[in-house]
Amino acid sequence: MPDKKETLTYDDYVKGIQALKPEEQLNLIELLSLRLKKAVTKKNKKHSILELEGLGAEIWEGIDVQKYIRKERESWS
């Protein structure tokens, strides 16, 4: 295995895993599984519609909303 300053490669990890006892390999699988579950759960976090509040507000700056609505409704005819 490389010293502390070197980066371990994938092959280094594989060799290290192969050197573990079966029980240690199972413990490693459990640890990796828990970490992956946390990462996936965090990635798939549900969001609230309220997080969109104020998004794009700068587009409407300086626009009279009533005039805009009236103009849009007139275009329907």
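Tutor: Helices here are DSSP runs of H or I with at least four residues, numbered from the N terminus. A quick word on ground rules: this is a predicted model, where local features need pLDDT of at least 70 and side-chain atom pairs count only at pLDDT 80 or more, while totals for chains, interfaces and linings use all residues. Residues are numbered from 1 along each chain as its sequence is written, and side-chain values use heavy atoms, with hydrogens and water left out.

Back to Leu 34: it counts as partly exposed because its relative accessibility is 47%. Buried means under 20% relative accessible area, exposed means over 50%, and partly exposed is in between (1.4 Å probe, protein chains only).

How about the length of H2? The expected span is 1.5 Å times one less than the number of residues, so the 22 residues of H2 should span 32 Å, and the end C-alpha atoms are 31 Å apart, which agrees.

Now look further along the chain. Glu 58 is 24 residues away from Leu 34, and their C-alpha atoms are separated by 43 Å. Ile 49 sits in the loop between H2 and helix H3 (65-75). With a relative accessible area of 66%, Ile 49 is exposed.

How values were computed. Helices (H or I, at least four residues) and strands (E, at least two) are DSSP runs, numbered from the N terminus.
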